[in-house]
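Visitor: I have a model open and some quick things to ask. Can we go through it piece by piece?

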Amino acid sequence: MKCVARGCTSLQTLVLNDLPALSDESVHALTTHCHNLKHISFLGGTSLSDDALKYLSLQSRKLQSIRIEGNASISDLALKTMGRACLELSYVSIVDCPKLTDHSLRALGACRNIRVLNVADCVRLSDSGVRHVIEGSSGSKLREVNLTNCVRVSDVTLLRLAQKCHRLTYASFCYCEHITDAGVELLGSLPSLVSLDLTGCNIGDHAISTLGQAQVNFKDLNIAECVQITDMGLQKFCTNCPNLESLDVSNCYNLTDAAVQTLAFCCRMLRTLRLAGCNQLTDKSLQSTSGGCHYLTEIDLSGCEKITDRSLTKYLRKGCRHLRLLTMLGCRGVTRFGAKKMQTKCAVVRYTAETPSMTTLEAFGIH
């Protein structure tokens with residue numbers, strides 16, 4: 001690292017991912033000579049400590065983006081130094097760093113230009129910490145917020161986002177169990193919001209119904225594992241979202257063919273559709289999809305046991321000519337013959353008749 005640092009003093013972008021043995025000393029050597037670093041990534045740098053980020057922050061005050069993931073050592077001390085020294089940060093992705101608390105976000109609140117904030121899996125963060133960023137100098141500039149698995153975050157944060165972050169285009173609140181219909185309804189006031197991930201949240205029909213009625217041009221919605229959602233909620237949403245391109249309703253097991261019929265009629269620009277675990281769906285759903293969603297490139301039917309060969313060969317194969325990925329894991333109604341026939345029209349077909357094991361999922365590249 002010393003040789004790199006001495007020979008590349010004008011270095012601005014540095015990617016040191018998947019180097020678990022990367023040490024604080026190496027980062028110190030780099031930052032001692034490279035004072036123009038603007039973009040740096042330490043994904044998988046599990047051996048780094050607060051000292052490494054302190055060196056980086058104090059020597060690279062022009063830093064604009066930082067990416068860290070899977071580090072159990074980095075604490076609030078490092079982020080406090082970064083918040084004081086690197087005021088031009090615009091991209092902050094610090095994922096799965098369990099020691100971080102609200103004090104870290106309070107420190108980042110001093111930064112003036114944060115556009116992207118990703119603190120997924122930092123489970124100790126709460127509404128109080130997020131408030132410092134939202135109500136700080138960067139609040140009105142935020143474009144993307146990812147609070148996946150920040151289980152202490154609630155509707156209070158959604159209220160603040162709705163009040164302050166009118167340029168927000170993407171938000172993720174996966175598995176934030178304290179987020180409810182009331183909070184999601186507030187997001188409908190964000191005019192630029194096009195992508196929203198609410199996987200595993202405690203929401204129902206009212207939440208997505210009000211989102212559909214809002215003046216928001218949704219392109220991507222993920223409500224997988226939101227088990228309270230029924231046909232009524234999804235139908236109301238789809239009726240007002242003709243430009244929807246991606247929808248994930250995996251494991252929303254109350255949905256029936258009626259919901260998919262409305263979806264196919266109203267959302268004809270759909271490209272990605274994930275219906276895994278919606279075990280009430282039958283061939284009628286694929287008939288509707290094939291008739292309305294001609295631009296579909298990816299569909300997941302895993303666990304839809306009532307789907308049969310008939311809907312694949314008669315409808316999907318003929319109606320969705322752009323299909324590139326078809327996933328049918330645990331589809332007992334589909335035979336190997338049916339799956340093989342789809343391979344002539346679809347580049348990638350993932351199929352098992354029985355519920356797949358972890359080994360099978362890994363073989364298909366599904367995690």
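Visitor: Asn118 first. Buried or exposed?
Guide: Asn118 is buried, with a relative accessible area of 16%. Buried means under 20% relative accessible area, exposed over 50%, and partly exposed in between, using a 1.4 Å probe and protein chains only. This is a predicted model: local features need pLDDT of at least 70, side-chain atom pairs count only at pLDDT 80 or more, and totals for chains, interfaces and linings use all residues. Residues are numbered from 1 along each chain as its sequence is written, and side-chain values use heavy atoms, with hydrogens and water left out.

Visitor: Where does Asn118 lie, and what does it touch?
Guide: Asn118 lies in strand E5, residues 116-118. Helices (H or I, at least four residues) and strands (E, at least two) are DSSP runs, numbered from the N terminus. Asn118 touches Val92, Ser93, Ile94, Val95 and Asn146, leaving aside residues up to four places away in sequence. Contact means heavy atoms within 4.5 Å.

Visitor: Switching to E13. How many of its residues are buried?
Guide: Five of the five residues of strand E13 (325-329) are buried, so E13 is largely enclosed by the rest of the structure.

Visitor: Which way do they point?
Guide: Leu325, Thr327 and Leu329 point one way, Leu326 and Met328 the other. In a regular strand the side chains alternate between the two faces of the sheet.

Visitor: Which strands pair with E13?
Guide: Strand E12 (residues 298-300) pairs with E13 in the parallel sense over three bridges. Two strands pair if DSSP finds at least two bridges between them. Ile299 has Leu326 as its bridge partner in E13. Strand E14 (residues 348-352) also runs parallel to E13, joined by five bridges. There, Leu325 stands opposite Val348.

Visitor: And how does the chain cross from E13 to E14?
Guide: Through helix H14 (residues 336-342), in a right-handed β-α-β crossover. Right-handed means that, with the strands pointing away from the viewer, the path from the first strand over the helix to the second runs clockwise. E12, helix H13 (residues 309-319) and E13 also make a right-handed β-α-β unit.

Visitor: Back to Leu326. What does it touch?
Guide: Its contacts include Ile299, Leu312, Leu316, Met342 and Val348.

Visitor: Which residues touch the most other members of the largest nonpolar core?
Guide: Phe42, Ile66, Phe173, Ile223, Leu326 and Met328, in a core of 109 residues. A nonpolar core is a set of buried Ala, Val, Leu, Ile, Met, Phe, Trp, Tyr and Cys residues joined through side-chain atoms within 4.5 Å. Helix H11 (residues 257-266) gives the largest share of this core, five residues.

Visitor: New topic. How many aromatic pairs in the whole structure?
Guide: One. The rings of Phe218 and Phe237 have centres 5.9 Å apart and planes at 55°, so the pair is tilted. Rings of Phe, Tyr and Trp (its six-membered ring) pair if their centres lie within 6.5 Å; planes under 30 degrees apart count as stacked, over 60 as edge-to-face and the rest as tilted.
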